[in-house]
Each structure stands twice: as C-alpha cells, then as structure tokens.
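Biologist: I am new to this structure. Please show me how to read an interface.

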Amino acid sequence: MSIERQEIEKLATLSRIAIGEDTITEVSQRLSSVLELVDQLQAVNTDGVEAMSHPMKATQRLREDEVSEINQREAFQAIAPDTEEGLFLVPKVIE
Amino acid sequence: MSYSGWETVIGLEVHVQLATKTKIFSGASTAFGAEANTQACAIDLAMPGTLPVLNKQAVHYAVMFGLAIDAEIGKESAFERKNYFYPDSPKGYQTTQLEKPIVGRGNVEIKLADGSTKNVRIHHAHLEEDAGKSLHEGDFRHGVSGIDLNRAGTPLIEIVSEPDMSNAEEAIAFAKRLHSIVTSIGICDGEMSQGSMRFDVNVSVRPKGTSELGTRTETKNLNSYKFMEEAITKEVERQIDLIEDGGTVMQETRLYNGDTKVARSMRSKEEANDYRYFPCPDLLPVIVSDETIEELRRNLPELPDARQARFIEQYGLSDYDAAVIGSDAAMAAYFEIAAAKSANAKLAANWTMGELAARLNSQDLSISKSPVTAEQLGGLVMRIADNSISGKMAKEVFEAIWAGEGSADQIIDARGLKQVSDTGALEKMVVEVLATNQAMVDDYINSDETKRKKKLGGFMGKIMQASKGQANPQQVNQILAQKLNELL
C-alpha cells in the first residue's frame, strides 16, 4: 500500500508538522514502507487469537483518590512563553 | 412550512464529571472554583517524563454507573489516545476509551408526560479526561486567549445512547433520568451550571415511515435542559427547511448559544474528524475483578425508582410528589431531613417542592446551596403543623430564615408571630368585630344565601386585622359562620 501526496499533506496538517517540498517524496516512501509492514501483519491468520491492548503481560495499577499534588503554578508559568493573571496565554483560538 | 411529514431521530452523548477528589491520572485536586491553574500539576500539563496513574475511585464510579443501568461491565478495559490539537489539551491528545470501554450495553427507562414509558438503549459508557478551559474574553491583549488547565484531567464518563429518542421531550426525559441516576448513586454532583453534566445532541430527520437514517448533526456542550430543548427544536426545523428547499444536511458539529438563541456550525466533521486513535502505551489494560464488581453492587446506593417507591410507602407521598422529590437525589436527602424534623412528611414535601423550590429557582440556586437548611425548613413545617403559625405567617418566617435570621422558633419569638388558636379568645374577637360593624351585619342578614358567602370575606378581613394577622383563619371561619347563623 502506498501513500499519496495528498494524504501526506493531510497528515502533516493534522499533526501540525511542516513537511518541506524537498522531503515530501522521502516521507512518502518511508510511510509507505511502514504501511507495507502493516499489510504483512494484516495478512497473518489471527483466527482465535485475542487482540492485545498492550504488549506487556501486566495490568494497570490503580491510585487511591487522595490529593497528592501541591500548587506549583509559579514554577510552571516561569517557563511558559506568556502568562497573565495566572492564565497561560496562546494565540487566539476561536472555532 | 409543515413539519408533520417528518420524523426526528435523536441520540445523546452525555459527559458526566465524576465526583472524585482528584484527577483521573494525577493527584491534583478537582475542587471547583479554584484560582486559575493552581490545580494543574505536571501530569495535567503534559510535562515531559510524566506518566499517568489511573484513579481507582474513577474506575469504581464508572462501574457503579454500569451496575445502575444494568449494563455489561468491561472486566478488561483499555485506554486509547484521541489525537487533536487545541490549547486546552496540552498533551495534544485526549486519553479516552474506544475499543474496550468500561461499561457496555445497558438500558435506561424514561417516563413521559402522558404516563407512558420508553426504553433508551445505552450503546456504551467510557472513561476519559476532561479538557481545560479557553477564555477568549476579558482583559487580554488583542489576539490572545487565556488557558486555565484546572479542569484538564478531571475524570469523565461519556455515556453514549443509541438513537432511540424521537423528540425534544424524550431527549430531556432521558437527560433528567441520567442526572437522577448519577446523583442518586453519588458519582456526580449534578451541578449543571458548573458543567458537571454536559450534553451533545445528535439530530437527524427522515420522511415519516422510512427507516434509513438521515445525515446527522451534533450540537455540542449543552448544559441545561432548556437549551437542549431549544437547540433540538431549532435544529429539526433547520434540517427540514433545508431538505424541503432542495438542500442537503451536512454532517457537522454545531454550537448553540443559549443567550442569543443562535446555533452555528463549528467545524465540518469530514475535514477535521480524523483523530488517529491508537492504544495509549502509557496505560496498561484495566482489570476489574468479579469481587470488586460484587462489592460495588452490594453497596450501590438507592436508585431513583426504589427511592420513589419508598417515599410512597414510608411517607405516604402521592405518586407525583414521590416522583418529583425522589428523582432528585439532593432534594430527596433534603426532604428526608425536613420530614424527620417536622414529623409531618406531606407538609414537608409541599414546602420542599413549593416555596423552597420556587425560591431557589428564582435565585438560580441548587438545593445543596439553599440558605434555608433542611433542619430549618423542618422546624418551620413543625410550627405550621401544630398550628402555632398560619400559612401566611409561615411565608414571613420562611423569608426571615432565608435572610439568615435564625430558626423558625427564634423568628416566631422575636417577631411575636404566635397564631391565636384559643377558641375563647377567638370567639371574643369575632363578637367584638361583629358588634363594631353593625352595618355589615345588617347587610349580611338581608342578603340571599349566595351573596352571604361572598360577604364572609369582609368579616374575615376585619377579624384578621383586629388580631394583627395572628388569628387561626380556619377556626375564625368556623366561629364566624356559627355566630352569624345565630343572628339569622
């Protein structure tokens, strides 16, 4: 299965990644080879094999519902690009 | 335009904030109303190197919901990442469940105004995290939005119904029923104005008698029943008008503004709705043991149906009163305290549903924030029941309690509001009023039967005035009728 240029552009948009004109062919080839691997996997007969949700044979540990975090806003906002009145500021987003 | 040739198909996605103390994947507090970003820790902010650890209580609450609607419980469930970019979600994805949700198929029965019932099938319910909040207004510099991530990571269950509802009434009955269930089992505080329950409504229309579903739109984030009704009604009309004018309904997400009553398209699904789900590698499969499920089942709080039946049985409430009070967990708890304190359940029910509910509504307050406590209302009802005060005085006392002047007894004492129920004293009062109003008495005697009845009110007014409103009106009425009859 090969991947079209158009799909690369869509994925780039969804992932917020800039893919330059000069690399688009290479990215396309690499992604296509990944998809070929997926094709191979999908060709395997998996009848009677239960799907795994995780490769490790372990289960999720659960945490007690007790507050364990303290307010560290100052520390976090010290490394933020822009803040005001305790809010993180970002370029205006309205859908 | 006639809409009668069309039928509507509605499905709901309901986001319920779970009443845990901490976030779903971190130990940061979920308390409402904190200063911006003071409850957003490194995990909530998606700092590099952090890992999520699942909150046990959130898992248990989700299972409890499943048990309450008789659903299959996912003994092994798993988390996926739903990828999208938006500043209120710092990770760049929402951790949610897709393939293996914690709650499978279930059923919710709704009651409609005409007394009929309808079953709404639940497709599934899954655990996920809430996003933060974007603030676009305020004093920010031009061209920026402010982000508060206190809400980011608050545990949610998203309940997805089948498209089993066919009008706004059914959708609202279903929404109310879910509210009743989640508050009754204590997994959500039910504060809709604070966003504790939010509804996404999927609406499509099709010609009556056809079975193929039309293209649906999704109106997101409705947080009141009123807005839900308005949004559904408008969307149904919009779709029918569009189709009848030769247009096509586009699959899209819409936003309804309850203040301006205007809905608008938010984004077209086909261009943006590619979330590239994949299993979250940071979280292992979640196993809920049979023992845990059985323990949660044993300890499941009373469900609305059982409570309504108990209210009829235990307190002698009418079906209607039991349904109104019994479906709202907070109101039910309030009523039970007031009923116990007053020793008059029916009157306590009347005051809870009547004066109190009306007053709370007018101030847009939930019953848990009532300035009049259940004990105080019970104390007031007790004094009405034992005839210490009249209904009119009771309203005055209620207002005073609301204003924070103390208990009913304190206010009755302070204002000298004792109702006079002593027959001797009342008789004396009636006789005096009759003696000083001879013209009225003559007029009464000379009138025919029907007119006399109307004239009784005039005497009542005089007597209540003479007693400064403290005479027991039922008794005065009796005594007055008797005294006047003696004169005929």
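Modeller: Start with salt bridges: the rule finds three across the interface of chain A and chain B. A salt bridge is a side-chain nitrogen of Lys or Arg within 4 Å of a carboxyl oxygen of Asp or Glu. One joins B:D274 to A:K10, with the closest N and O atoms 3.3 Å apart.

Biologist: How should I take these values?

Modeller: This is a predicted model: local features need pLDDT of at least 70, side-chain atom pairs count only at pLDDT 80 or more, and totals for chains, interfaces and linings use all residues. Side-chain values use heavy atoms, without hydrogens and water; residues are numbered from 1 along each chain as its sequence is written, while chains are lettered from A and ligands numbered from 1 in the order in which they are written.

Biologist: How much area do chain A and chain B bury between them?

Modeller: The size of an interface is often given as the accessible area lost when the parts come together. Buried area uses a 1.4 Å probe and is summed over both parts. Here chain A and chain B bury about 4300 Å², 56% of it on carbon and sulfur atoms.

Biologist: How many residues does each chain bring to the contact?

Modeller: Contact means heavy atoms within 4.5 Å. Chain A brings 38 residues and chain B brings 59 residues.

Biologist: Which strands of chain A and chain B are joined by bridges?

Modeller: Two strands pair if DSSP finds at least two bridges between them. Strands are DSSP runs (E, at least two residues), numbered from the N terminus. Strand 1 of chain A and strand 2 (residues 54-55) of chain B run parallel, joined by two bridges. A:L62 stands opposite B:L54 there.

How values were computed: Buried area = accessible area lost by both parts, 1.4 Å probe. Helix = DSSP H or I, 4+ residues; strand = E, 2+ residues; numbered from the N terminus.
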